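Open the model in your viewer and follow the stops below. Each one says what to select and what is there.

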Amino acid sequence: MQLHIKDTFNKELPSDSNTENSRRQVTEATHSYVSPRIPSQPKLIHASKEMANAIGLDEAAIKSKDFLDVFSGLKIYPKTKPYAMAYAGHQFGNWAGQLGDGRAINLFEVEGNSKRWAIQLKGSGETPYSRQGDGLAVLRSSIREYLCSEAMHHLGVPTTRALSLMLSGDDVLRDMLYNGNADYEKGAVVARVAPTFIRFGNFELFAARNDIKNLKKLTDYTLKYFYPELGKPSKETYIKFFEAVTQRTLDMIIHWQRVGFVHGVMNTDNMSILGLTIDYGPYGWLEDFDFGWTPNTTDKQNKRYRFGNQPNIGLWNLLQLANALYPLIEEAEPIEAILNQYQVDFEKQSLQMMRSKLGLQVELEEDAKLLANFEDCMLLSETDMTIVFRLLANYKKGYPENGIEIIENAFYKSEELNQDKLMQWKVWFKAYDQRLHKETITDSERQKNMNAVNPKYVLRNYMAQLAIDKADEGDYGLVDELFQVLKKPYDEQPEYEKWFAKRPEWARHKVGCSMLSCSS
Ligand code: AMP
Ligand code: MG
């Protein structure tokens with residue numbers, strides 16, 4: 001297996017002088033060298049051919065012993081030096097101090113098709129940043145990360161990617177619900193990929209320690225490799241950098257709202273400096289449309305990271321990044337202006353995104369009300385978000401009386417729709433119909449446009465759980481099936497119609513389907 005290694009992060013930035021793998025505070029360094037744990041019996045479960053191709057590997061390479069060895073952590077690729085990154089963060093709104101890659105180890109950066117990718121193993125053992133954790137990951141959470149990151153990519157949502165999913169052959173002890181019932185589960189390792197894994201928290205670490213020298217080094221490195229279009233380092237460039245990160249973060253969150261994705265743990269250590277969705281933990285997909293929903297049981301009390309709050313949290317996290325970059329900018333005004341603009345842009349882009357979901361091309365003042373009324377209707381009775389938008393694309397102009405029938409299959413409890421509620425829907429369909437008459441496109445053009453932004457297939461929590469249950473028995477067929485379906489989430493794919501379905505009742509309160517914790 002031949003890779004075109006192009007390491008820069010560990011070559012150009014300061015490393016921890018201590019090379020012992022002991023848990024500690026690490027200062028004046030962006031990373032610590034550490035070797036992945038040797039898995040006792042690695043086994044490849046699945047690999048993304050597309051991602052492999054992107055780093056210059058063909059199908060034969062995926063099947064090679066080298067691939068298994070390197071991406072399970074068994075062997076270190078020649079002339080590379082794996083490392084864990086140092087970062088800090090705000091967790092659930094509170095400053096948490098040093099965190100770092102506690103269970104991720106960067107292998108190397110590699111060039112493929114003139115793009116550079118960093119590859120890291122998640123779940124391959126302790127690092128200096130492991131704190132009280134074991135550095136390992138279980139099969140269930142690894143399947144969730146593997147499937148979801150590739151699915152998000154195909155949905156057009158900025159995200160880190162996944163290259164491979166492997167069993168380590170080792171058992172891992174986990175108390176899945178934090179209720180004192182710890183049990184052994186199968187250990188796994190995901191090789192994940194991104195241009196860089198630098199997070200807001202990497203900047204926060206140096207800023208909190210008033211280590212401005214290294215804050216600048218890290219920022220200049222980030223500019224050089226990931227924002228070269230902004231120009232040479234200077235105050236103005238740092239301001240532009242913050243602005244660009246703000247725009248990318250907003251763009252990512254608007255995509256989340258569009259597809260009904262709830263990240264679940266939007267701590268600042270889980271915010272990519274490239275605006276990529278990162279760290280797939282207790283994430284979930286909206287089934288019935290609900291602004292207040294969070295999949296993360298650890299956040300059940302405050303619901304800080306609920307669906308409807310993601311845009312606000314994005315802004316809050318950006319404020320933390322702004323504080324971290326402040327020593328390089330030393331001017332509050334431009335930062336405030338950028339943060340204010342986030343709110344303005346959010347309103348604008350969110351409206352535009354919702355227009356597209358309803359198939360509206362012309363921009364009219366009145367649309368905000370139509371969209372708000374549609375959300376109100378969805379809240380009348382449990383309405384499946386993915387299904388309702390997909391079915392709405394079948395609507396035929398001029399027949400508002402058929403509206404409810406067209407979307408009927410999206411309701412979880414249609415018996416709840418009493419006369420009043422049905423009337424509200426009818427009124428909405430009349431307004432929608434009138435609005436559609438102000439468009440110039442045909443029904444079928446509108447349908448095509450809507451189906452390009454409203455996915456038919458998303459990784460519903462119960463789907464991932466079914467794949468996990470099978471995989472626990474050693475059957476990876478469903479992992480592959482879901483991987484294949486989710487490659488073309490906007491296509492009809494009639495052969496996979498069974499996955500275009502509401503969450504089954506058995507999954508409503510099942511662990512892993514409606515409830516997930518950070519324990520993974
Ligand atoms: P997360 O909430 O998964 O983003 O993780 C927050 C912090 O905890 C990061 O520093 C992780 O590296 C660390 N962490 C999470 N799980 C483990 C684990 N099993 N072992 C060591 N560190 C962990
Ligand atoms: Mg994390």
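Start with ligand 1: of the 17 residues around it, Gly100, Gly102, Arg131, Gly135 and Asn270 come nearest. Here a residue is near if one of its heavy atoms lies within 4 Å of the molecule. This is a predicted model, where local features need pLDDT of at least 70, side-chain atom pairs count only at pLDDT 80 or more, and totals for chains, interfaces and linings use all residues. Residues are numbered from 1 along each chain as its sequence is written, chains are lettered from A and ligands numbered from 1 in the order in which they are written, and side-chain values use heavy atoms, with hydrogens and water left out.

Next, show the polar contacts (pairs of N or O atoms within 3.5 Å). Select Gly102: a backbone N or O atom lies 2.7 Å from an oxygen atom of ligand 1. Move to Gly135, where a polar backbone atom is 2.8 Å from a nitrogen atom of the ligand. At Asp134, a polar side-chain atom lies 3.2 Å from a ligand nitrogen atom.

Colour the shell by residue class.

Now colour by domain, with bounds from an automatic or database assignment. Select 9-197 for domain 1, 212-356 for domain 2, 361-451 for domain 3 and 461-507 for domain 4. Domains 1 and 2 both give residues to the shell, so ligand 1 lies between them.

Finish on domains 1 and 4. Their C-alpha centres are 25 Å apart. Their contact (heavy atoms within 4.5 Å) takes 17 residues from domain 1 and 16 residues from domain 4.

Note on methods. A polar contact is a pair of N or O atoms within 3.5 Å; within protein, one must be able to donate a hydrogen and the other to accept it, and residues adjacent in sequence count only if both atoms are side-chain atoms.
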